[in-house]
Amino acid sequence: MGKKNNKLYKGTLENIILQLLSKEVKMYGYQMTKHAKELTKGELEITEGALYPILHKLEDDGMIYSELQKVNGRDRKYYFLTQKGTKQQEKKEAEMKSFIGNLSAIFNV
Amino acid sequence: MLSQSEQNKIRNYLFSKNLPFDLLLEVEDHFQEQIENLMQKEMSFEEAFPEVKLLWKKDLKETYPWHVLNRTENGKITLLERRTKMEIEVKLLQIAFLVALITAICFMFLGKHLPFSQFKTSFIIVYSLPLFTAVIMYFIKMFSYSKLYKKPYNTFKTSIYEGFGKDIDLLLYCSCLYFLHLWLGTDFVKSFYSVSDVVSSYTILKGIALFIFFGWGIFLNLRFYKSLQSFRKIKTQIKAL
């Protein structure tokens with residue numbers, strides 16, 4: 001992740017990836033970094049070195065699965081949410097919303 | 001859209017970084033997208049490629065893993081590969097040692113209920129099983145690879161789940177298991193069978209060693225299984241090399 005938000009976003013990357021995937025049917029690595037950056041207006045920069053290990057971990061945990069597809073003659077690995085991943089995403093989304101709500105209350109945002 | 005020669009330049013660069021092929025395919029796509037993005041901003045490929053390499057510099061920095069004694073170019077791994085391996089292998093280790101623990105508890109229970117001959121047979125079968133299944137999976141993978149790709153098996157790493165030195169750790173496991181067998185001796189099963197009796201600290205030490213080796217064997221099996229699964233996904237891409 002980008003230096004400026006490194007500490008604050010650390011530990012939430014798994015949730016961010018699950019959340020991004022829940023909004024799309026399938027996504028590939030570069031698309032995730034680009035989409036996260038667009039959504040946060042450049043604030044969140046997911047580095048490749050953080051993204052791929054987490055993607056592989058999530059796949060290993062059965063949260064997501066991948067498929068290689070040919071796009072314009074190129075091999076692209078798309079990631080999809082599994083049922084287990086969808087449940088986890090819903091749970092984490094609720095947790096994050098409650099966490100953000102609590103922070104808002106404390107910081108009077 | 002990148003030309004074939006430009007795509008080849010990217011692939012050759014990533015191959016030089018010794019990345020496992022399944023991870024390489026993803027990184028390659030990421031590289032291509034980033035370069036194309038820069039080229040849309042009026043940059044040439046020759047300008048964009050070094051820019052992207054710079055973005056990946058830290059992640060593609062190569063180091064030697066602590067267990068690699070033979071410090072050749074092939075032994076190096078990138079930071080990206082190391083991080084990815086750490087993420088996936090910790091969980092595999094946890095599963096492996098949980099299975100080893102459950103098995104040990106089961107045998108302690110069986111020791112009180114089974115006659116010794118049956119206990120000995122089942123003990124030997126269960127504790128030898130990881131070796132046989134790992135060797136079988138190793139050969140399945142090697143033959144599938146040879147069918148698809150004519151170059152030697154150790155030309156490149158196919159999967160992030162692959163052990164160090166193209167699964168040479170299996171050989172290490174086999175050798176260690178042989179010496180462990182010599183050390184444990186034939187009477188060991190008997191001492192395990194009568195575990196409810198007073199056992200010496202030496203026997204406990206042997207039991208711990210067997211537990212670790214069994215866990216290691218399960219870990220190797222899990223990794224081979226995952227490696228085979230990953231290999232099946234990239235068969236077409238390996239064939240096209």
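Of the 241 residues in chain B, 29% are buried. The model is a predicted one, and the picture below is read from it. Chain B is built from nine helices and two strands. Following the sequence along, the elements come in the order α-α-α-β-β-α-α-α-α-α-α.

Now for the start of the chain. Helix 1 of chain B covers residues 4-16, which is 13 residues. From its first C-alpha to its last, helix 1 reaches 18 Å, close to the 18 Å expected at 1.5 Å a residue. After this helix comes Asn18(B), a residue with a positive phi, near 65°.

Next up is how helix 1 meets its partner. Two packed helices are described by the angle between their axes and the distance between the axes. Here, the axes of helix 1 and helix 2 (residues 21-39) of chain B come within 10 Å and cross at roughly 135°.

On the helix 1 side, the contact is made by Gln7(B), Ile10(B), Arg11(B) and Leu14(B). Helix 2 brings Leu24(B), Val27(B), Glu28(B), Phe31(B) and Gln32(B). Sorted by kind, the residues of this contact split into five nonpolar, two polar and two charged. As a general point, an α-helix has 3.6 residues a turn, so residues three or four places apart point the same way.

Terms used. Residues numbered from 1 in each chain as written. Chains lettered and ligands numbered in written order. Predicted model: local features only at pLDDT ≥ 70, side-chain atom pairs only at ≥ 80, totals over all residues. Helix = DSSP H or I, 4+ residues; strand = E, 2+ residues; numbered from the N terminus. Expected span 1.5 Å × (residues − 1). Buried ≥ 20, exposed ≤ 12 C-beta atoms within 10 Å, placed from the backbone. Axes fitted to C-alpha atoms, helices over the stretch in contact; angles between N-to-C directions. Contact = placed C-beta atoms within 7 Å. Nonpolar A, V, L, I, M, F, W, Y, C, P; charged D, E, K, R; others polar.
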